[in-house]
Amino acid sequence: MLDGNGFCFEQAQDVPMEVLRQREVKWLDMLSHWDKWMNKRFNKVRLRCQKGIPPALRGRAWLYLSGGKVKKEQNHGKFQELDSQPGEPKWIDVIEKDLHRQFPFHEMFVSRGGHGQQDLFRVLKAYTLYKPEEGYCQAQAPIAAVLLMHMPAEDAFWGLVQICEKYLPGYYSPGLEAIQLDGEILFALLRRISPLAFRHLEKYKIDPILYMTEWFMCAFSRTLPWASVLRVWDMFLCDGVKIIFRVGLVLLKCMLGTREKLKACQGMYETMELLRALDQRYMQETFLVREILEVPVTARDVEREHHSQLKRWKKNRGEINFKSPPRMHGARIIMLAEPPRRQDLQQNPTIILEVPEPQPELRKGKEERNSKKKSKKPQLPEEIPNPYPLPTDPSPPPPPVDPPAPPSANNVMPEVVPQTETDSPHQQKEPPTEPPTATEAALQQSTQSLSSTELDTYL
């Protein structure tokens, strides 16, 4: 959809459900064969990250992209060990004060002492124990909170470790020298991308550290709309810090890249106010992603500027006090630097339900019932011949010859009771009646008597 100025406002919800399901199937296949895709078809992985990772698989994909999955498997039980320790009191107090400030309107962190804040505390405390030389930085809290919205606490911890060590090394160390150095890199890249914005910021001596610190240290998680944050993180964890530089360059170019816009901010104060209140149109998901992909800044450009600015830093300020590990530009470089074992990439279930074993008596009774059911075979009902056949019925076949058996009660002929002297012939003889029908004649030949109900049933 387009607004009045021609900006595209298509949201992630506009993606058809069929397309979303197809993307999920493709991502499931990639995650099942992650090493092959990263080594042989990484460009396809990058393209799918640029289109947006399906929400149902975003947490798992982030963990694989960042290398947190491999790190977790190679350090099995480490998080549980750190989680069980009390932690440094000076860091514990600062962390507890910051818990309620992270996404206070999100359902995970809205309540004090809720499960979201508890997990956030566990992750941040564990990191201070994992990296005691760095400790805790307030900008780490929103990073950890975004990860916790998509994965369990242990996975979020290893994702935070990878971001702090591989993607943004030195950002959270004392002195913040790495973030100052990246500010100079951003300013140097801006000269090539938007000369107007560069000259304006240089004219009013606006140091990059004044406007880009929160952008970079929080990976834009506290600056952009949520849908844009997710899309930026999809690309950031795939391609590395160059995506963060591109986002900063796009925002500076859109806000300060024309003469008409510069007329409204003649001064340092007006410029800073403009950069603090970014236009929502430029931060909208589809527009921002399209502009990011068009910025001609590569990882090689970032590294070239990094070496140039590092020489200038040493010339003007001396040696950097905190030496951070080298920065790795994206998921593929991380994977090549730390080759995973095959078992490190196996997908394990996140939630495991323990089914209680049945008691011995109940188990025994159940087994007996099952054995009885198996032993029982369906028996066909025996055909019982009609003892009172009708004249129209065909004569039954002769029964098989069996050995003689004692006569049953049903086949015993009734005994003939002799007449006594008291029995008069008039009492025994009944008045003549109408001749019986064929049915009645057949019944009278029987040696047993039936009630009227039984007669009706058989007839």
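Colleague: Is cysteine 218 buried or exposed?

Modeller: Heads-up, this is a predicted model: local features need pLDDT of at least 70, side-chain atom pairs count only at pLDDT 80 or more, and totals for chains, interfaces and linings use all residues. Residues are numbered from 1 along each chain as its sequence is written, and side-chain values use heavy atoms, with hydrogens and water left out. Buried means under 20% relative accessible area, exposed over 50%, and partly exposed in between (1.4 Å probe, protein chains only). Cysteine 218 has 5% relative accessibility, so it counts as buried.

Colleague: And how many disulfides turn up in the whole structure?

Modeller: A disulfide here is a pair of cysteine sulfur atoms within 2.5 Å. Searching the whole structure gives a count of 0.

Colleague: Which cysteine has the sulfur nearest to that of cysteine 238?

Modeller: Cysteine 238 counts as buried because its relative accessibility is 1%. It's in no disulfide, and the nearest cysteine sulfur, 3.9 Å away, is that of cysteine 49.

Colleague: How many helices does the protein have?

Modeller: Helices (H or I, at least four residues) and strands (E, at least two) are DSSP runs, numbered from the N terminus. The strand count is 0, and the helix count is 25.

Colleague: How far apart are the end C-alpha atoms of helix α1?

Modeller: Take 1.5 Å times one less than the number of residues as the expected span. α1 has 16 residues (17–32), so it should span 22 Å, and the value from the model agrees: 23 Å.

Colleague: Which residues are exposed on the other side of α1 from its buried ones?

Modeller: The buried ones are Glu24, Trp27, Met30 and Leu31. They sit on the same side of α1 because they cover an arc of only 125° around the axis, taken from the directions from the helix axis to the C-beta atoms. These buried residues pack against α2 (34–40), α3 (42–51) and α4 (58–66), with contact meaning heavy atoms within 4.5 Å. On the other side, the exposed residues are Glu18 and Val25.

Colleague: What share of the 459 residues counts as buried?

Modeller: In general, nonpolar side chains tend to be buried together in soluble globular proteins. For this protein, the buried share of the 459 residues is 41%.
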